[in-house]
Structures are given as structure tokens and as C-alpha cells.
Amino acid sequence: MAGFPVRYRGSIAELHGLTFTATVHDCDDDHGQDITARDEGCHTLVDETGRSLAHVRRSSITPIAPDGHDLHRAARDGDWIFLPNLGEVRFAYQESGPTRRTRWIHYYACSGRRWGIFARLVSIYDAAAIRTRYTTPQERLTWQLRMALDELAETYAHPHLRQAFEEHADLVERLTQQQELNAAAVTDAPELAGIVAGQGW
Ligand SMILES: [Zn+2]
């Protein structure tokens, strides 16, 4: 398995916050009585100076996404999140629920061939709006364009949806321009191409 970047947060306090490249390995060590460490998978960490740590448990590291933020940070508009009984959805926003232990999580979905923002009431113990995987800027744009094009197709033939049609026509125009700017930026800065192309998170 390829190495992936992580931030350390385990029991060695002086290493907290430092970044390493982690690899998972099959471990023959029984880790004493620590069954959790064995079940979570055992990692070897190496930093850029070559310093390495062996037998590091999953809960001692935080994966870092190509954008430099924690992979599983609080979700922002358009991020993938996981909702119980629903699966992975694109997060829109969240707000307080009717009780302290509940929360409304709003997400994008297609229903009846129209895109919209739907809401689900979740227990804070069952679900959290945490990014589940990294989305490259290009993937995000492609998704937004797909939504806007679907909306164009659905509103085109309906006079009473004229305004929605025109709004989405403007949106497609803006997103296309953004895509062209991004493509130009990648050509100007080839070292960014790998980041934009994504790292398989
Ligand atoms: Zn181990």
C-alpha cells in the first residue's frame, strides 16, 4: 500500500502535530494486551529526515488531505459526508435540531430529476458532518456543472420555470469560466497538476 501523509497525535507528546508518511503493515507483534491497536491496523511512520516510528495505531494519526487540512475535518459546502441509512452525500449546511442532541444536516440530492437541498434530523451520537473523503477542486466543479446542466435540461421546456432556467444558464457560464481558469492555472504551474488530479483519497 502506498504511503499517505498524516499528522501525529499519539502518546509521544513532543511529536504532536508533526507530519509523517504512514504505511499500514501486517503486524506479527501482539501489542501486549492492546487488542484495539491490532484491530485498527498497525502503521509505520517516516518523516522527511528519515526518522521512523513503528507500531503506531490508527487513532494516533490524523490523515491529511491534499489541501493540507485534516482529511476528516468539519464538512464544508459540497464535501462528501456519511449519513446513516443513506450513505455518502454532498453536504450543504447544518443547523440545530429541536433538542440539544439532534441536528439538521442538509445535503444535496436529486429527486424527481430536479436537484435540491434536503434535510435529515440526526442524533449527534449517530452522525456528524465530517468530510469522509477529499474532493479535488476539479471534481467539485464537475459535480456543480452536472447539477446545473441537469437543472437546465429539466427547466428548459417549462415556461413557469423560466427564471430557474436562466439562473442555471448563468451558473453554467460561470462554472465553465472557472473550469477554464483552473485549467490555465494548472498549465502555468505544472507542480500543482498532481494536487488537482487528486491523490486517490
Ligand atoms: Zn505493530
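Seven nonpolar, three polar and two charged residues line the largest pocket of this protein. Here Ala, Val, Leu, Ile, Met, Phe, Trp, Tyr, Cys and Pro count as nonpolar, Asp, Glu, Lys and Arg as charged, and the others, Gly among them, as polar. The model is predicted: local features need pLDDT of at least 70, side-chain atom pairs count only at pLDDT 80 or more, and totals for chains, interfaces and linings use all residues. Residues are numbered from 1 along each chain as its sequence is written, and side-chain values use heavy atoms, with hydrogens and water left out.

The lining includes Tyr108, Arg114, Trp115, Glu151 and His168. Strand S9 (114–123), helix H2 (137–155) and helix H3 (162–188) each give two or more residues to it. Domain 2 (72–134) and domain 3 (137–197) each supply at least three; these bounds come from an automatic or database domain assignment. The pocket holds about 190 Å³ of space.

Now the fold. The protein has four helices and nine strands (DSSP runs: H or I of at least four residues, E of at least two, numbered from the N terminus). Along the sequence, the pattern is β-β-α-β-β-β-β-β-β-β-α-α-α.

Next, packing and surface. Of the 201 residues, 32% are buried, meaning under 20% relative accessible area with a 1.4 Å probe, protein chains only. Among contacts (heavy atoms within 4.5 Å) with a separation of 6 or more, 46% join residues 24 or more positions apart. The accessible surface comes to about 12,400 Å², and 52% of that belongs to carbon and sulfur atoms. The areas come from the Shrake-Rupley method with a 1.4 Å probe.

Terms used: Buried means under 20% relative accessible area, exposed over 50%, partly exposed in between (1.4 Å probe, protein chains only). On a 1 Å grid over the protein atoms alone, a cavity is a set of points where a 1.4 Å probe fits but cannot get out, and a pocket is an open set with protein on both sides within 12 Å along at least five of seven lines; lining residues have an atom within 4 Å of a point. Grid points are joined across faces, edges and corners, and a volume is the space filled by probe spheres set on the points.
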